[in-house]
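The two exercises below are worked by hand on the structure that follows. Try each task before reading its solution.

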Amino acid sequence: MTTAIAISGLVKTYGKQNAVDNLTANIAKGRITGFLGPNGAGKSTALRCLVGLAAPTSGSATIFDKRYRDLDNPLSKVGTVLDSRGFHPALTGKQNLRVVAAAAGIPDSRVDEVLEMVELKDAAGKRMKNYSLGMKQRLALAGAILGDPEILILDEPANGLDPAGIAWLRKFLRKLAEGGRTILVSSHQLAEMQNTVDDVIIINKGKLIASGSMKEVIGDGSLEDAFLALTGGEL
Amino acid sequence: MGALLKSEWRKLIYARAHWGLLIGAILVAGLGTAVTPVILDNPDSGFGLGLDQTQAVDAVYANAISGYFFAIIIGIMLMSGEFRHGTAVATFLTAPKRGTVLATKLAIAAIGGMLVMVIATAAGLAAGWIALSFFPDAASPTNEVFINTLLAAVVSGAILGIVGVALGTLIRNQMLAITGALIYLFVIDPILLALAPDAGKYLPVGLITAMLALDIDAPEFGIDTSAYLPPLTATVVLLGYGAVFAGLAIATSLRRDIE
Ligand SMILES: Nc1ncnc2c1ncn2[C@@H]1O[C@H](COP(=O)(O)OP(=O)(O)O)[C@@H](O)[C@H]1O
Ligand SMILES: [Mg+2]
């Protein structure tokens, strides 16, 4: 197994609280890894440390042995969707992506391409504030694949999507994974991830409680059962 | 750096709010300049300056600079907008070297502030020329007033744009940053200038006025130019402000977490 992302002894403290508490985990290259845990478990915080938006209190998180900020042209290696999606409401979907594309040296023709891939071609000229939640989420995904990266980091991409949106997302992720990409996807909806991911990392209150292949972690039961058993029943 | 400049330039020209600021600056400069001859020509206004004096006509044209505060708002919006709308996330994911991003943003804010000021000031000068054409007895302006006013527009526009970015970095709340800047420019700075002219002339508004190099001494009119620094010194001090604020912006935004 080749490690794509290595998180080692990661701690992030806010005030007295350890939002992420000595988290160590490896994410295998070419697989879909679910990063699971209830709301407030520290998933978003860990991911923000991973991509250099938040400074870890201690420990490290690296992508192919480099800190995110030391990657050159990171968008060509890592595509990221965080819960704050990073788009300007008064700009159109296309303008938002063109701002990002310019900064990464990606041609505008690629913007049209990814908008088509996420089925937003018709809404490309609409201002982002008029997008539905699902459209915003797809725009964020389009932004993540702009640089055709081999790693995708997605923080709760299914949040707020309706069932059709979730089905679309699953199909989209599978298609991306077929190309041999590494996908790290977080979720608090455990049941939802069961059929989508190869490996899981489960955290609770900032601490790692289980990691491994889906089969190793859940045995014969469901992901939800495994989680409840591991945390002593509290969700 | 070239790629980042292109990206920041797009942020500047894509947002309609920035075009609104340009229109606002043109209106303020145009109206501000156009009404001055009317006020000066009114014998009851008691300014002690008549349009038959070159100094008074120069003062009319110098008012073309009066949209300068829009340059600082442009800078603030470019930076604090990143935090307000969360675009800082996409910005720093694409270019994690924060110092480079900030340097680029300072450059684009300087260019944006300069463009807004040059266009608005040119509009103000034109409005002044049109307004003065209704006063056949008005004296002719000096040539210097046009050069100095446009020069002041270029320098103050660029520097206020930079100061705006720095403010937006320090005060991430956009409304707070804009309100604070306006209160400072329109209330605090003039009060300091009136109370302590020796120190006040080193403050931004006094420096911008000094760059206009108006050779008049009319305290009633609000332009007691004898108390200001020489134009070149004022320009250098203003550039110093730009450098200090740029340094502050770079030093602070390099550290904090991005939400
Ligand atoms: N910027 C912050 N300041 C203070 N506390 C924070 C901040 N961000 C997250 N937290 C806290 O850290 C914990 C983990 O939050 P988060 O990483 O968002 O969890 P998750 O993404 O798993 O729902 C929560 O208790 C949250 O309140
Ligand atoms: Mg979260």
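The model is a predicted one.

**Exercise 1.** Determine how helix 4 of chain B and helix 8 of chain B are oriented to each other, and state which residues meet where they pack.

*Solution.* Begin with the geometry: helix 4 (residues 69–84) of chain B and helix 8 (residues 174–195) of chain B pack at an angle of about 160°, and their axes are 9 Å apart. Angles over 145 degrees count as roughly antiparallel, and therefore helix 4 of chain B and helix 8 of chain B are roughly antiparallel to each other. The crossing of helix 4 of chain B and helix 8 of chain B is right-handed.

Next, list the residues in contact: helix 4 of chain B contributes residues including B:Phe69, B:Ile72, B:Ile76 and B:Arg84, while helix 8 of chain B contributes residues including B:Ala177, B:Ile178, B:Leu182 and B:Phe186. Sorted by class, the contact between helix 4 of chain B and helix 8 of chain B has 11 nonpolar, three polar and one charged residues.

**Exercise 2.** Describe the interface of chain A and chain B by its buried area, its residues and its salt bridges.

*Solution.* Start with the area: chain A and chain B bury about 2400 Å² between them, with 59% of it on carbon and sulfur atoms. Of the area that chain A buries against chain B, A:Leu53, A:Val99 and A:Ala103 supply 23%, more than any other three residues. Then turn to the residues, where the contact takes 31 from chain A and 23 from chain B.

Finally, the count of salt bridges between chain A and chain B is three. The side chains of A:Arg48 and B:Glu259 meet in a salt bridge, at 3.7 Å from N to O.

Definitions and conventions
Residues are numbered from 1 along each chain as its sequence is written. Chains are lettered from A and ligands numbered from 1 in the order in which they are written. This is a predicted model: local features need pLDDT of at least 70, side-chain atom pairs count only at pLDDT 80 or more; totals for chains, interfaces and linings use all residues. Side-chain values use heavy atoms; hydrogens and water are left out. Axes are lines fitted to C-alpha atoms, for helices over the stretch in contact, and angles run from 0 to 180 degrees between N-to-C directions. Helices (H or I, at least four residues) and strands (E, at least two) are DSSP runs, numbered from the N terminus. Angles under 35 degrees count as roughly parallel, over 145 as roughly antiparallel, 65 to 115 as roughly perpendicular and the rest as oblique. A crossing is left-handed if the near helix is turned anticlockwise from the far one by less than a right angle, and right-handed if clockwise. Contact means heavy atoms within 4.5 Å. Ala, Val, Leu, Ile, Met, Phe, Trp, Tyr, Cys and Pro count as nonpolar, Asp, Glu, Lys and Arg as charged, and the others, Gly among them, as polar. Buried area is the accessible area (1.4 Å probe) that two parts lose on being put together, summed over both. A salt bridge is a side-chain nitrogen of Lys or Arg within 4 Å of a carboxyl oxygen of Asp or Glu.
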